[in-house]
Amino acid sequence: MIKTTIGNISQQENQEVVIEGWLYNKRSSGKIQFLQLRDGTGFIQGVAVKNEVSSEVFNLCKELTQESAIRVFGIVRKDDRAPSGYELTITNLELVSLAMKYPISLKEHGIEFLMDHRHLWLRSKRQHAILKVRAAIGRYAREFLDNRGFTHIDSPIITSSAPEDSGSLFEVDYFGEKAYLAQTGQLYAEAAAMAFGSVYTFGPTFRAEKSKTRRHLNEFWMLEPEVCYLDHEGSLKLQEDLIEYIVQNVIKSCTLELKTLGRDIKELEIIKAPFPRITYDKAVEMLKENGMEIEWGEDFGAPHEIYLSEQFNGLPVFVTHYPKDCKAFYMEPDPDRPDTVKCADLLYPGFGEIIGGSERIHDLDILLQRIQEENLPMEVYDWYADLRKYGTVPHSGFGLGLERMTICITGVDHIREAIPFARTLNRITP
RNA sequence: UCCUCAGUAGCUCAAUGGUGGAGCAACCGGCUGUUAACCGGUAGGUUACUGGUUCGAGUCCAGUCUGAGGAGCCA
């Protein structure tokens, strides 16, 4: 008798094993019961035949309710009728706990109902697959950077200042003083980069925007690499290598999950560096040629980004050198085009922006001038300006949205399914 | 914040201004290969809330609440 998991079941063919899990679903005839089991690592069907098990076990099968916790003993059989290729011929069954009437059936449900039951919805096949992919993305992102000698630095979540002049910060009380939940770890990453060379932060960020779209969360996870002595072009190379590494490894390790999600693998296999690059100027030109309304100097809306993202044979595209008025104060102006900055957004086909990044201003005077131009409170950026006083160097960084990356790889249509417990405009529970 | 739409059984949805129904889930029974199994039966309702029009309102009108889709903001 071997204790095993469904994920490893192929190694136990024709052996008697025990699986500890839950009843996902059940179908029965008078003398045969099909138990759909799950244990967190996968799904498998257990078959109990009346003549081949004790009457106690067969009757217990009949009593089982959806999501009851059970310990299932059986022999692993290869079976072409099974979606995963394997079945379990049940020999014995232990009830760990009988589930009460389970609210989520396998039929259709509305999104409000499902989000109200998110704590249970996580158990369903599709949600399970999405979150396995999300975990893999985070794992490969860290692996890629760790392999390149990056140091993982945690930036604070409670901060005293607003890095960008927006009213999009969640306010918290900090011993009687106003503080805010971080909407980026970038400024801290820049400080750490000057100490460690290449760093990244990876943590939750918060935006108090009353966004109501399939692309926005009020709490989301962001990977923010920051590298000293790295210019704009070097940053783009790092970004495309990172995306390629994540996508190609997820294809390999999450085959079953992507199949569950009905994802077309071919669309993912072609995601390999280098990615095409166009300037903002060129992008505006393309949009105008397509008859879309846009004037130079305006930032792109969702329809613009989607259109641009789909013009490059299924590859993500870098849009570089935006007008400086569209972008954050800390971005390095392009000496050849001082009205633009050395930045890039990476637009994923059919989705839009998944990365935003730039070379940072490293010159103290230019930084102070930009802070002034944007009417930002100078005292807030005191320590940030310090980084330009003591051995300043050119450096670049970017932010990758974990949930957006998850959408692009899984193909799910709404970002609330790309995070375990979404925080959105109308939802803070469960 | 703006625009659009919706709210009826636990869930997903029907119901011309005229006796509120079905499928699934639950419960009882049947079936030895089911893949959201199937078949028969039972039970299940303050039609989101408040007010109005009407002989009569789930249905029409006004307001409120809740949610969804889209826009803006961005990762």
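1. How much area is buried between domain 1 and domain 2, and what percentage of that area do carbon and sulfur atoms give? About 570 Å² is buried there, with carbon and sulfur atoms giving 54%. Three residues stand out on the domain 1 side: Tyr24, Gly40 and Phe43 supply 59% of the area that domain 1 buries against domain 2, more than any other three residues. Keep in mind while reading on that this is a predicted model.

2. Some background on that pair of domains. The domain assignment of chain A puts domain 1 at 2-97 and domain 2 at 119-417. Taken over C-alpha atoms, their centres sit 45 Å from each other. As for who touches whom, 6 residues of domain 1 are in contact with 5 residues of domain 2.

3. Polar contacts between domain 1 and domain 2 number 3 residue pairs, counting pairs with both residues at pLDDT 80 or more. Sorted by class, the side of domain 1 that touches domain 2 has 3 nonpolar, 1 polar and 2 charged residues.

4. Now the chain as a whole. The C-alpha trace of chain A spans about 85 × 55 × 40 Å along its principal axes. Its secondary structure comes to 13 helices and 19 strands. Of the 430 residues in chain A, 50% count as buried. If you care about contact order, take the contacts in chain A between residues at least 6 apart in sequence: 65% of them join residues at least 24 apart.

5. Arg360 deserves a look in the viewer. You'll find Arg360 in strand S18, residues 352-360. Is this arginine buried or exposed? Arg360 counts as buried because its relative accessible area is 2%, and the cut-off for buried is under 20%. The side chain of Arg360 makes a polar contact with the side chain of Glu226 at 2.9 Å. Leaving out residues up to four places away in sequence, Arg360 touches a list of residues that includes Gln186, Glu190, Glu226 and Glu332, along with Arg388 and His395. Tyr330, Ser396, Gly397 and Phe398 are also among the residues that Arg360 touches.

6. Leu315 is the other buried residue I'd point you to. Leu315 lies in the loop between helix H10 (302-309) and strand S14 (317-320). With 18% relative accessibility, Leu315 counts as buried, since buried means under 20%. Which residues does Leu315 touch, not counting those up to four places away in sequence? They are Ile270, Ile271, Lys272, Pro274, Phe275, Pro276, Ser309 and Pro349. For a sense of scale, Leu315 and Ile70 are 46 Å apart in space, C-alpha to C-alpha, and 245 residues apart in sequence.

7. On to the salt bridges, of which the structure holds 24. One of them joins the side chains of Glu94 and Arg71, at 2.9 Å from N to O. This pair links distant parts of the chain, with Glu94 in strand S6 (residues 86-97) and Arg71 in strand S5 (residues 69-78), 23 residues apart. Glu94 is partly exposed, at a relative accessible area of 33%, and Arg71 is partly exposed too, at 27%. There's also a network of salt bridges here, linking Lys3, Glu20, Arg71 and Glu94.

8. Two further pairs are worth checking. Glu373 forms a salt bridge with Lys324, where the closest N and O atoms are 3.8 Å apart. That pair also links distant parts of the chain: Glu373 is in helix H11 (residues 364-373) and Lys324 in the loop between S14 and strand S15 (333-334), 49 residues apart. Glu373 is partly exposed, with a relative accessible area of 38%, and Lys324 is partly exposed at 22%. Then there are Lys288 and Glu295, whose side chains meet in a salt bridge of 3.6 Å, N to O. Lys288 counts as partly exposed at 43% relative accessibility, and Glu295 counts as partly exposed at 44%.

Note on methods. Residues are numbered from 1 along each chain as its sequence is written. Chains are lettered from A and ligands numbered from 1 in the order in which they are written. This is a predicted model: local features need pLDDT of at least 70, side-chain atom pairs count only at pLDDT 80 or more; totals for chains, interfaces and linings use all residues. Side-chain values use heavy atoms; hydrogens and water are left out. Domain bounds come from an automatic or database domain assignment. Contact means heavy atoms within 4.5 Å. Buried area is the accessible area (1.4 Å probe) that two parts lose on being put together, summed over both. A polar contact is a pair of N or O atoms within 3.5 Å; within protein, one must be able to donate a hydrogen and the other to accept it, and residues adjacent in sequence count only if both atoms are side-chain atoms. Ala, Val, Leu, Ile, Met, Phe, Trp, Tyr, Cys and Pro count as nonpolar, Asp, Glu, Lys and Arg as charged, and the others, Gly among them, as polar. Helices (H or I, at least four residues) and strands (E, at least two) are DSSP runs, numbered from the N terminus. Buried means under 20% relative accessible area, exposed over 50%, partly exposed in between (1.4 Å probe, protein chains only). A salt bridge is a side-chain nitrogen of Lys or Arg within 4 Å of a carboxyl oxygen of Asp or Glu.
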